[in-house]
Amino acid sequence: MTETTTELPGTDALPGGPDELAAALRSTGYLPDEGLATAAYLALVMRRPLFLEGEAGVGKTALARALAEVTGRPLYRLQCYEGLEASQALYDWDFGRQLLHLRAAEAAHATGDTEALEASLYDRRFLLARPLLQALEDSPSVLLVDEVDRADDEFEAFLLEVLSDFTISIPELGTVRAEVPPLVVLTSNRTREVHDALKRRCLYHWLQHPDFDREVAILRARLPEVTEQLAREVARATGKLRTLDLLKPPGVAEAMDWATALHALGARDLDPDLAARTLGAVLKYREDTDRVHALARGALFGGG
C-alpha cells in the first residue's frame with residue numbers, strides 16, 4: 001500500500017515558478033503542460049491539496065511520483081478502494097508483537113503492575129503506521145491519495161477532516177501534527193462524483209490525453225530506445241483509438257506499453273499486421289479488440 005522514494009539531498013527548496021517546476025519535472029521524464037505545471041506549483045507554494053481528475057492513464061499518479069523526485073521528499077501512497085476504513089489509512093496496533101511482549105513479561109514475572117504492563121502494550125514501537133500517519137510524521141513529504149473516487153462517502157468525510165489541519169489523534173499516544181503539511185495529490189478517474197466539500201479544500205485540475213506532439217515527446221523521453229518513426233506512428237494510432245468510443249480508451253501508459261512491445265519484436269515503424277497482433281498491449285477489453293479488428297487496419301495503423 002505504501003511507496004517511498006529516495007530523498008535527494010538539497011532539492012526540497014521550492015521552485016522559482018511554474019516554468020522552473022516544469023523544467024524540473026521534464027528532467028524526470030514527466031512532461032507537463034503549462035496548466036498542470038501551474039497547478040502543481042500553486043499546490044506547493046500555497047500548501048493546498050491538488051485534486052486531479054481525468055481518465056485512467058493520463059499521468060495523474062505519475063505526477064505525484066515526479067513531484068516527490070524533484071522536491072526530494074518521500075512519497076507515501078494510499079490506494080483507495082470500496083470499504084477502505086480509517087484504520088487502514090491511519091494506523092493499527094501490531095497485536096502479534098503485543099502478545100509476544102505480554103508473554104515475555106509473564107516469563108520474567110513482570111506482570112505485578114498491571115497498569116504499567118497495559119501501558120507498555122501501547123508503546124510507539126507497537127504502532128503500525130499507515131500512509132496518512134507516515135506522511136504526517138515524515139515531514140515534509142508527498143502524500144498520494146490514489147483513486148479517491150473508489151472510496152466510500154464515510155472515508156471521504158474522514159479524509160476531509162484530516163486534510164483540514166493535518167492532525168491525527170491517537171488516543172493511547174496523543175496528537176500527531178505535521179511540522180510541514182505534506183504535498184497532497186488526490187486522483188480520481190471519475191467513476192463517481194467526489195463531494196464538493198473535498199474539492200473545495202483542494203486546487204483542481206482536469207488532465208486530458210496529451211496532444212500528438214506532446215505524446216510523441218513523452219514516448220521519446222521515456223523510451224529512448226524506440227525509433228522516432230515508431231513513436232510518432234504509435235502516438236498517431238493511439239490517438240485514433242481514443243476516438244472510437246471504446247470501453248477503455250488507451251492512456252499514455254498503454255501507448256508506452258504498445259511502443260515497448262513493438263520495439264521488443266524488432267519493429268521500427270507501425271506495421272498494420274504487427275500492430276493488430278499486439279493490441280493486447282494497448283486495449284484491455286475483448287469488446288474493444290473486436291471493434292478494432294472489425295475496422296480497416298490501414299485506416300487505424302497507416303502512417304498518414
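Visitor: What span does helix α5 reach from its first C-alpha to its last?

Guide: Keep in mind that this is a predicted model. Helix α5 covers residues 95–107, which makes 13 residues. At 1.5 Å a residue you'd expect 18 Å, and the helix comes close to that, with a reach of 18 Å.

Visitor: Which residues of α5 are buried, and where on the helix do they sit?

Guide: The buried ones are Gln-98, His-101 and Ala-105. Look down the axis of α5 and these residues fall within an arc of 60°, so they line one face of the helix.

Visitor: And which exposed residues does α5 carry on the face turned away from its buried side?

Guide: Exposed here means over 50% relative accessible area. On the face of α5 that points away from the buried side, the residues that count as exposed are Leu-100, Arg-103 and Ala-107.

Visitor: Let's move to helix α11. Which of its residues are buried?

Guide: Helix α11 runs over residues 228–241 and has 14 residues. Its first and last C-alpha are 20 Å apart, close to the 20 Å expected at 1.5 Å a residue. The buried residues in α11 are Leu-230, Ala-231, Glu-233, Val-234, Ala-235, Ala-237, Thr-238 and Leu-241.

Visitor: Now for the rings. How are Tyr-91 and Trp-93 arranged as an aromatic pair?

Guide: A search of the whole structure turns up three aromatic pairs. For Tyr-91 and Trp-93, the distance is 6.5 Å centre to centre, with 80° between the planes. Planes over 60 degrees apart get their own label, so this pair is edge-to-face.

Visitor: Are those two residues buried or exposed?

Guide: The cut-off for buried is under 20% relative accessible area. Tyr-91 has 15%, and Trp-93 has 8%. So Tyr-91 is buried, and Trp-93 also counts as buried.

Visitor: Why is the pair of Phe-155 and Phe-158 tilted?

Guide: Both residues belong to helix α8 (residues 153–165), where being three residues apart separates them by about one helical turn. Phe-155 and Phe-158 are buried, too. Their ring centres lie 5.6 Å apart and their planes meet at 50°, so the pair is tilted.

Visitor: How far apart are the C-alpha atoms of Tyr-76 and Leu-279?

Guide: Tyr-76 has its place in strand β2 (residues 75–79), and at 8% relative accessibility Tyr-76 counts as buried. Leu-279 is 203 residues away from Tyr-76 along the chain.

Visitor: What about the largest pocket: which helix gives the most to its lining?

Guide: The largest pocket holds about 590 Å³ of space. There are 31 lining residues, and the closest to the pocket's centre are Gly-57, Val-58, Gly-59, Lys-60 and Ala-62. At least two lining residues come from each of α3 (60–71), β9 (203–206), α10 (212–222) and α12 (252–264). With four residues, the element that gives the most is α3.

Visitor: How many nonpolar residues are in that lining?

Guide: Sorted by class, the lining of the largest pocket has nine polar and eight charged residues. The nonpolar residues in the lining number 14.

Visitor: Stepping back, what share of the whole protein counts as buried?

Guide: The protein has 15 helices and nine strands, and its C-alpha atoms fill a box of roughly 80 × 45 × 35 Å along the principal axes. Of its 304 residues, the share that counts as buried is 47%.

Note on methods. Residues are numbered from 1 along each chain as its sequence is written. This is a predicted model: local features need pLDDT of at least 70, side-chain atom pairs count only at pLDDT 80 or more; totals for chains, interfaces and linings use all residues. Side-chain values use heavy atoms; hydrogens and water are left out. On a 1 Å grid over the protein atoms alone, a cavity is a set of points where a 1.4 Å probe fits but cannot get out, and a pocket is an open set with protein on both sides within 12 Å along at least five of seven lines; lining residues have an atom within 4 Å of a point. Grid points are joined across faces, edges and corners, and a volume is the space filled by probe spheres set on the points. Ala, Val, Leu, Ile, Met, Phe, Trp, Tyr, Cys and Pro count as nonpolar, Asp, Glu, Lys and Arg as charged, and the others, Gly among them, as polar. The expected span of a helix is 1.5 Å times one less than its number of residues. Buried means under 20% relative accessible area, exposed over 50%, partly exposed in between (1.4 Å probe, protein chains only). The arc is that of the directions from the helix axis to the C-beta atoms. Rings of Phe, Tyr and Trp (its six-membered ring) pair if their centres lie within 6.5 Å; planes under 30 degrees apart count as stacked, over 60 as edge-to-face and the rest as tilted.
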